[in-house]
Amino acid sequence: MSEQEYSQITATLAITKASLKSIFRSPSAVVFSLAFPLIFIVVFGFIGGGSISVDVGLTKNSDTTNMLYKILDGENSGVNLIAYKSEELMNADLKKGNIAAIINIQPVDATHDGKIKVALQLCDASGRNGKIFQSQLGSIVSNINSTGTPVSDMKIQMAEPTTIQGRAYKSIDFILPGQLGFSLLASGVFGTAFVFFSLRQTLVLKRFFATPIKRSGIVIGEAIARLIFAMMGSVVIILIGKFAFGFTLIHGVTTFLEMLLLCSLGLIVFMGFGFVVSGLAKNESSIPPLANIITMPQFLLAGTFFSISNFPSWLQPICKILPLTYLNDALRKVAFEGQGLWDVHTQILIILAWGVGVYILAIKVFKWE
Amino acid sequence: MNTAKTIISVKDLVKKYGDFMAVKGISFDVYEGEIFGLLGPNGAGKTTSLEIMETLREKTSGEVLINGLNVDHQQQEIKKIIGVQLQAAGYYPGLSLMELLQLFSGLYNRKVNEMEMLASVGLQDKAKAKHKELSGGQKQRFSIATTLINNPKIIFLDEPTTGLDPQARRNLWDLIREIRDKGTTVVITTHYMDEAENLCDRVGVIESGKIIAMDTPDKLIDNLIASGFERKKEVKKANLEDVFLALTGKEWRDE
């Protein structure tokens, strides 16, 4: 017997290495973590902002006979034009962030030669919706200018100067963080649940117990592998978003690293859900329904595809308790608005609180055998 | 064998699952360097007793010492000196045999030559194969290879030949004897009496959680004959298995 000290770290890393190899060879892991989010990003990247609907106030005396109005008023414009009874009410709603912007469309002169000018009012309070609308409006205007009746003199007036003045908010800036967050949720919940369930069922875990590694070492080794895999996926998603679709990383590498840190935090919390599912599942086929109970509502309600503000007000409180909401929110703020991790500490704390709760539950329901 | 050193000592071992008493106070010693067989029908408590010795299961009462180490509070130390083969254990999905051995060498903190390990169980040609691609006999041989990585003092084999054809069984017996001859103590469970008779130096017979007989296979047979037992049918010099092996060859096949 050699009396050298047994290293739990060596043993843990051996599990990590084996697990990573196994994940990379499992087609479903690669498809779920990379292909799915990328497909959504590509699809929504090309569709543009169509899926995002914003409320916009239209000034009373606006011209409604022009092409721009018709486009904005159309069914699938993603814009909901609201006519207000009074100017004050409209301005107040803008200041509260209830509407994303106010536009005023006027003919350039009385001759009605089809030329119009557009004035746009934005406010900090409306957050990203203002920028979404601004960029939509910009692209619609340039479309009209290049094809139909020219819209000249498009003027954008800011109600109050904002920190992100003049930066175009592209739909990829909304879609990518949502997809990233959701891919982490799916990978964390499904991946962890299936792996631990099957390792338990096939007695792989039991065989590990017969070696000197501690149980915590097995879990940590597995978790590190999933973390490495998910971070590699996140890197690929962010880089493809950046170089193929012009995803905004305001402070470059710093923003990139901050996003990865948020992603790691999110994944660790989501893996807790996976542990819970693997503990509750009676058999393999009960994993997907259980995992879907956790992932589907977040997929739909956590601002993955649509801004939460699109949901009816009775649904919003539910949206606002989901952990993915806060991960998505933090990712968007960091990536697009250039906020530091400290600026999103509220979101981080909420995610952490979920983490504490979920892991307490996971420890209670997790089964080793 | 009587002068041999005791390496496993089990005293008054009891295991209850709720009201059900799976093991009802068994005691036995295993000597260093022997192949010790725990025999008994399914559900007699063999696997439970084995798993308690392997530190995989908590006992209800009694004392179990593995090479002088107590299963109650020296589990980590015990795990370092034993090799464990589980009934129907799976291996990490998607990895080759070579990679699985690397995993186990990490788990045991041992540097091993994986190819040599595979060669020692006759699987050197399967280094790149996945576990699920192996035949039943190969799976058991591989499983035994993983028990040898930490150069253990004792290996525990739980029904290693169940489901194997006669050639593969004989082949596995040879392997187990080789391991014993290199100085490793082997504890094996089986419900095949021919296996116990061929392979084990000593056996303990478990029935309904109790040990009802313990000695060398020869001695147990002699005892029975001495009590006046006679087989109803005159035993021939060969049996059907001998016929089968003579017809199909003793050569062990992969599939």
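This is a predicted model: local features need pLDDT of at least 70, side-chain atom pairs count only at pLDDT 80 or more; totals for chains, interfaces and linings use all residues.
Local features need pLDDT of at least 70 and side-chain atom pairs count only at pLDDT 80 or more, while totals for chains, interfaces and linings use all residues. Residues are numbered from 1 along each chain as its sequence is written, and chains are lettered from A and ligands numbered from 1 in the order in which they are written.

I start with chain A. An automatic or database assignment sets the domain bounds: domain 1 covers 8-46 + 170-365, and domain 2 covers 52-158. Their C-alpha centres lie 38 Å apart.

Next, chain B. Its open sheet has 4 strands in the order 2-1-4-5, with antiparallel pairing. Strands (E, at least two residues) and helices (H or I, at least four) are DSSP runs, numbered from the N terminus, and two strands pair if DSSP finds at least two bridges between them. Strand 2 (20-31) and strand 5 (69-70) of chain B are at the edges with a single partner strand each, so one side of each has no neighbour in the sheet. Strand 4 (residues 61-66) of chain B is joined to strand 5 by 2 bridges, and I66(B) is opposite L69(B).

Now the contact between the chains, where contact means C-beta atoms, placed from the backbone, within 7 Å. Chain A gives 23 residues and chain B gives 22. On the chain A side, the largest share, 8 residues, comes from helix 1. Helix 1 (8-25) and helix 7 (204-209) of chain A each supply at least two residues to that side.

How values were computed:
Two residues are in contact if their C-beta atoms, placed from the backbone, lie within 7 Å.
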